[in-house]
Structures are given as C-alpha cells and as structure tokens.
Amino acid sequence: MRIAYVIPSWPPDPTEPFVVNEMVEVQEAGHEVVVAALYPAPAADVRHGTYERLRPAAVLPPALSDARVLALAFWTLVTRPWRAVTTLAALHRAAGTNPYAHLRLLAVTPKALATAWRLRRLGVGRIHAHFANERADCAAIAGRVAGIPFSFTAHAFDIYAEDRRRRNTTLAWKLRHAVQAFAVSDYAAERLRALLPPGERGRVHTARVGIPLELFRPEPPPADGALRLLAVARFQEKKGLDTLLDACGVLRDRGVRFELRLFGDGPLREALAAQAARLDLGSRLHLGGAIPQEEVAREMRAAHVFVLPCRCDRSGDMDGIPTVFMEAMATGRPVVSTAISGIPELVRDGETGLVIPPDDPTALADAIVRLAADEGLRLRLGRQARALVERQHDQRRNARRLLALMGAEPAPEAGSTTRGTGDSVAR
C-alpha cells in the first residue's frame with residue numbers, strides 16, 4: 001500500500017521525531033510512504049538520525065513553494081466539483097462562528113485540493129495525519145475529494161484546545177467522516193469517543209506512540225556524585241518548568257546535593273533564565289538548547305531521575321503523554337510528573353515513577369528527596385519503567401499494529417521470529 005502522511009514541512013519538524021519514526025517503520029514494513037508537506041521547512045539546527053532512513057516514494061511540495069498548487073486546486077474544483085464543494089461547505093458549517101477555524105480551513109484548502117489530485121495519480125490507498133488540527137483538515141479534504149480513506153492520530157492540544165472552542169465542531173466532523181481515528185492514550189481515546197454516537201465509537205482506537213528501544217537502552221545510572229535531574233521539553237506553560245525551578249530552590253534550601261540539566265527551546269526561555277537567576281541556582285542548573293534524539297539518549301544515561309511537572313495551561317492545553325517520558329523510562333530512569341491527561345497510564349505512582357500534584361513545588365521537592373535518599377527505590381522504579389515501555393511503546397511493534405488496523409498488513413520480516421504481543425494497540 002502507498003500511505004500518504006500530511007506533515008507540517010519537509011524536511012520534517014525536528015520537534016516530532018515520533019512521526020518520522022512511524023513513517024520509517026511503515027516503510028520498513030514493506031509499504032511506500034508519500035509525504036504531503038503543508039509549509040516550507042523552517043531553519044532548524046536539530047536533525048535526528050532517524051531522518052536519514054526515511055526515503056519517501058514522493059514528496060508533495062508545500063503551497064507557498066510550488067506555483068502549480070493553485071492551478072491543480074482549480075483543476076480539482078473543475079473536475080470534481082460536487083465532492084470539493086460539498087466537503088468544503090460541510091467543514092465550514094462545522095466551524096460555526098469561530099473565525100480561527102474558518103481561517104485555518106481556508107489556509108489549507110489549496111494544498112488539500114492539489115493534494116487530492118496528486119494522490120489519485122500516485123495510487124495512494126490511505127491518507128493519514130498526526131494531530132487533529134490543520135493537518136487532519138488537509139487529510140480530510142484531500143481524502144473526501146479524491147475518494148481515498150483518511151485517518152488521523154490525535155495527541156493532546158489538538159483535542160483539549162479544541163474543546164475550548166465551543167463554536168467549532170470540525171473535530172467532530174472529522175471523526176464522523178474518517179475511516180478510523182487513533183489517540184495516543186486511553187484518556188484521549190475516550191474524549192474522542194464521547195464526540196461520536198455509540199454505534200460509531202468502535203472506529204476510535206488507542207495507538208500508542210513508539211520509540212526506538214535500541215537507541216534508548218537501559219544502562220546503570222551514575223554511581224556517585226550529586227543527584228542528577230534531567231528535563232527535556234518545549235519551554236511553554238503546560239510543561240510546568242517554572243514549578244520545577246521553584247522546587248530546585250526548595251532543594252537548595254534543604255541542603256540536597258543535586259544538579260538539573262534542562263534542555264529545550266520555546267517562548268519561555270528568557271522567563272525561565274530570569275527565574276533561575278532570581279533563585280540563584282548557579283552551577284546547580286545547566287540551561288541548554290534543543291538537542292537531537294541521539295543526544296537525548298546520552299543525557300538520559302547520565303541522569304538519575306527525569307522530572308517534568310506538567311499542567312493544564314490557561315488555554316486548556318495539556319500534554320497527552322510526553323514522548324520523552326517513554327525515552328527516560330526505556331533507559332531505566334524513573335519519572336516524576338503529574339496525574340493529568342494520559343500521563344498516569346505511563347507514569348504509575350510507586351511502580352514506574354512518582355506522581356505529584358501540578359503547581360506544587362514543595363510536593364515535587366519532596367518526591368525528589370525521596371528518590372535521592374533511596375537508591376533501591378530508584379532502581380526498582382527504573383526496571384519496572386523499562387518493562388512497561390517494552391510492552392507499550394516499541395515503535396516497530398506499534399507501527400505494525402497500526403498497519404494491521406488500517407488493513408495494510410506489514411510484509412513479513414526476513415528471518416524474523418515472533419516478538420510477542422504486549423499490550424493491545426486497540427481498545
């Protein structure tokens with residue numbers, strides 16, 4: 001089967017390695033991947049090694065970089081007017097009185113119509129998008145106009161922020177018309193099912209994010225020195241990084257020997273740097289930039305504990321299950337986080353990590369002190385964390401389950417043996 005993925009840009013967005021990892025596994029299962037890029041690629045200093053393995057059968061250029069897009073969009077309107085007009089009209093009706101939703105649809109319409117024409121010519125059998133936002137809009141329009149089944153995987157902000165826009169029901173429309181919908185956690189899947197009539201809820205499946213277990217392999221943690229804390233994240237409100245820095249201030253006041261290595265980038269970088277200066281964290285904090293997967297793996301191996309006190313932000317946005325949690329746990333490191341969204345499905349209190357309330361620096365500091373004082377607890381949580389990730393988040397196994405749900409059975413692996421089934425991807 002040829003499967004088209006709608007993604008933000010080509011080369012791919014470095015902040016979403018899990019999407020590229022999935023495409024690579026689909027390709028290596030014997031299928032062909034077609035890439036439909038929405039926008040020109042921004043300048044990026046980070047490129048993950050996995051990207052070198054992705055060799056798409058075709059890359060459809062973004063609208064702003066290809067003069068043929070408008071011509072192909074117009075030709076699609078001329079040759080398939082009923083499908084195009086009824087699909088666009090239905091989506092705009094679903095957008096209601098929400099101006100943002102209408103603008104988002106208008107922005108992707110030329111690309112989606114041109115993509116519909118191209119995908120028919122390429123013999124694509126399925127269109128898929130990660131995130132239920134403008135990428136799923138594009139997949140939905142292209143799929144409906146071209147007569148090709150479309151599906152999408154919902155993650156976090158694309159569900160939760162949509163809930164706040166009560167006048168916008170495009171998410172429900174896409175759910176009704178997608179041949180299938182997937183979510184990265186049981187929590188998110190239930191949110192999606194609630195938008196469908198009971199008889200249609202079976203089309204929503206839990207499809208967990210996979211990670212490369214051969215890269216994030218378990219290794220013994222450092223045996224001496226201060227407790228090494230690690231956080232890797234976008235610097236944005238929902239990550240709770242200000243709570244983490246406040247907890248570091250509490251740890252310093254208690255005389256706990258620790259160091260925090262914090263990597264990432266985003267709109268709150270300057271605010272976090274200023275907060276660290278006010279708290280006088282000094283050499284206890286290393287504030288680094290965004291790093292590729294391979295360097296994340298090295299940082300995981302050099303750490304004792306991964307910490308990220310996620311929260312629901314003021315817009316209603318929150319994480320689904322951060323992929324970096326899976327990476328830390330695959331390395332055998334316990335995670336300290338909060339019980340929001342689907343996080344407790346992975347970070348299980350007292351089993352694979354510790355769970356604390358959001359926005360509570362003292363509780364976070366208490367959890368870190370508990371781990372600092374009990375090496376046996378750290379090691380036990382780390383072993384159990386690795387076991388859970390092996391069951392739930394092996395990227396090869398999860399991609400092949402996804403293909404099976406799509407009706408695109410993976411080609412047999414030469415000389416392969418059965419790897420075991422683990423947890424089911426569908427619920």
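**Close-up A. Thr323, Val324, Phe325, Met326, Glu327, Ala328, Met329 and Ala330 of helix 12 are buried.** Buried here is under 20% relative accessible area with a 1.4 Å probe, protein chains only. That makes 8 of 8 residues in this helix (323–330), with helices taken as DSSP runs of H or I of at least four residues and strands as E runs of at least two, numbered from the N terminus. This is a predicted model, where local features need pLDDT of at least 70, side-chain atom pairs need 80 or more, and totals for chains, interfaces and linings use all residues. Numbering starts from 1 along each chain as its sequence is written, and side-chain values use heavy atoms, leaving out hydrogens and water.

**Close-up B. What helix 12 packs against.** Partners of its buried residues include helix 1, strand 8 (227–232) and helix 14 (375–392). After helix 12 comes Gly332, with a positive phi near 85 degrees.

**Close-up C. The largest cavity has a volume of about 160 Å³.** Think of a cavity as a set of points on a 1 Å grid over the protein atoms alone where a 1.4 Å probe fits but cannot get out; lining residues have an atom within 4 Å of a point. Points join across faces, edges and corners, and the volume is the space filled by probe spheres set on them. Of its 16 lining residues, Glu22, His130, Arg208, Val209 and Gly210 lie nearest the centre. Helix 1 (17–28) and helix 15 (395–406) each give two or more residues to this lining.

**Close-up D. The second largest cavity comes in at about 50 Å³.** Its lining includes Ile7, Pro8, Val19 and Met23, and strand 1 (2–10) and helix 1 each supply at least two residues.

Terms used
1 Å grid on protein atoms, 1.4 Å probe; cavity = no way out; pocket = protein on both sides within 12 Å on 5 of 7 lines; lining within 4 Å. Buried < 20%, exposed > 50% of the residue type's maximum accessible area, 1.4 Å probe, protein only. Contact = heavy atoms within 4.5 Å.
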